[in-house]
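Hi,

Here is the structure I promised to pass on to you. Have a look at it first, then read my notes below.

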Amino acid sequence: MMTRLLIRTRHFSCAGSGPSTGRCISYNRTALTRDALRAQVEAGLDDGQDSHKIRVDTESKEIVTAAGNLPISPLFNVDWMKARRRQRKSDAGKPSGRFRRKLANNPYAQALATPIRRCPNTSTSLPRYFLQDFELVKHPSEDTLWWAPGPLAFEGLQPENTSSVSSSRTSTGSPPRKTSPITVYALSRKSVHDKIGGPNKKYAALLSAVRTGMAVGPSARTAVWRHDMGDVLLNMMRRHATDALIAKSAGEAHQTHPDIQPSQWEEVGHVKLRGCALWLPGKDEPSTHIATMNVDNAKYGQTIAVHDLNWLLGESEVQRLKSESRMFKDHNVLVLRQEKNTPTMRLHLLLWRLQGYLAQSSIS
């Protein structure tokens, strides 16, 4: 009996929070109650034979066995165990205060809060939102590896279990895809991606050169980067953004969608929860590109983004947007609100990503 208890003592010393573990373990509040700790100790003493005769008396600090009561080891003392174990912090509650609620619902703050990643071609380290992820995939008809755009820019644009109202070309409602074991990042600029696909192959080679480990084999060093990757990715982002705008504005022209509201320039500042302005310039309007607009006497949202959809989406996608959405056909100024739902937040981020993707930038 004593030999078995010594063995069990060694087991608890390794599985607990003692110095021999070499790592920090936290526990839920419910796992640190006296009853839960006592049940854990008694389960560790279970050998499948006479465990019903062994129990821990937390009051007298003794182990009750068929051979008699034994003094409890400190390792079996529930008070000692609780003092040595770190309690896991509770999940953050809902933001309190107007400023915190506004911050939690701000897409630009969400973009800045993403993990830091590095672009090997520009040697810049930025929040992951500002970089495009690329995955290494095998060509379906050839025994070669290709770089393909990852899913981070397009996830969450459509609610789960719903399909897009637009053409079948969209993939936002498709089932989750299996991710590649190798993911790299490049600055989300079309000019950068065009440079990687240019005649100088060193830029494409840098993508996998910074990766090490078992997942990177010799074939990864010669993975194919499409020469037109910049245009391919641009068309993907435009198509997904158009699909999301159609889904959010579908219905009759007189119906007001909670996420998108028709407006006029002088009325944009009066829209509650305004996020950004969507502009479809007419033929008689000046072609001056407006990036932002200021809202007078506003405590929050004093400056909002203005997205020129003709420039952002391109001619073909704008035509599709107008043909499938009466709201965009009948109005040239609309406001995309900052609603508290993931699809709207992701749409804000995608439009802003498109704005930056078309900005002029290059690598030397």
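Five strands make up an open sheet, in the order β11-β15-β12-β14-β13, and their pairing is mixed. (Strands here are DSSP runs of E with at least two residues, helices are runs of H or I with at least four, and both are numbered from the N terminus; two strands pair if DSSP finds at least two bridges between them.) β11 (260-262) and β13 (292-294) are the edge strands: each has a single partner strand, so one side of each has no neighbour in the sheet. On average, neighbouring strands in this sheet are turned by 30 degrees against each other, ignoring direction.

Before you go on, keep in mind that this is a predicted model, where local features need pLDDT of at least 70 and side-chain atom pairs count only at pLDDT 80 or more, while totals for chains, interfaces and linings use all residues. Residues are numbered from 1 along each chain as its sequence is written, and side-chain values use heavy atoms, with hydrogens and water left out.

You can find Ile260 opposite Leu336 in β15.

What lies across β12, β14 and β15? That's helix α12 (residues 342-357), which runs at about 125 degrees to β15. (Axes are lines fitted to C-alpha atoms, for helices over the stretch in contact, and angles go from 0 to 180 degrees between N-to-C directions.)

α12 also packs with helix α8 (residues 229-249), at an angle of about 145 degrees and with the axes 10 Å apart. Among the α8 residues that meet α12 are Leu233, Leu234, Met237 and Ala241, and the α12 side includes Leu347, Leu350, Leu351 and Tyr357. The residues of this contact (heavy atoms within 4.5 Å) divide into 13 nonpolar, three polar and three charged. Here Ala, Val, Leu, Ile, Met, Phe, Trp, Tyr, Cys and Pro count as nonpolar, Asp, Glu, Lys and Arg as charged, and the others, Gly among them, as polar.

Elsewhere, β8 (residues 131-138) and β9 (residues 145-149) run antiparallel, joined by five bridges. They form a hairpin with six residues between them, and Lys138 stands opposite Leu145.

Finally, a word on confidence. The protein averages a pLDDT (the predictor's confidence in each residue, from 0 to 100) of 78, and 78% of the residues score at least 70. Over residues 1-22 the pLDDT stays under 50, and the model has 34 contacts beyond four places in sequence for them. Residues 161-176 are also below 50, with 23 contacts beyond near neighbours in sequence.

Cheers
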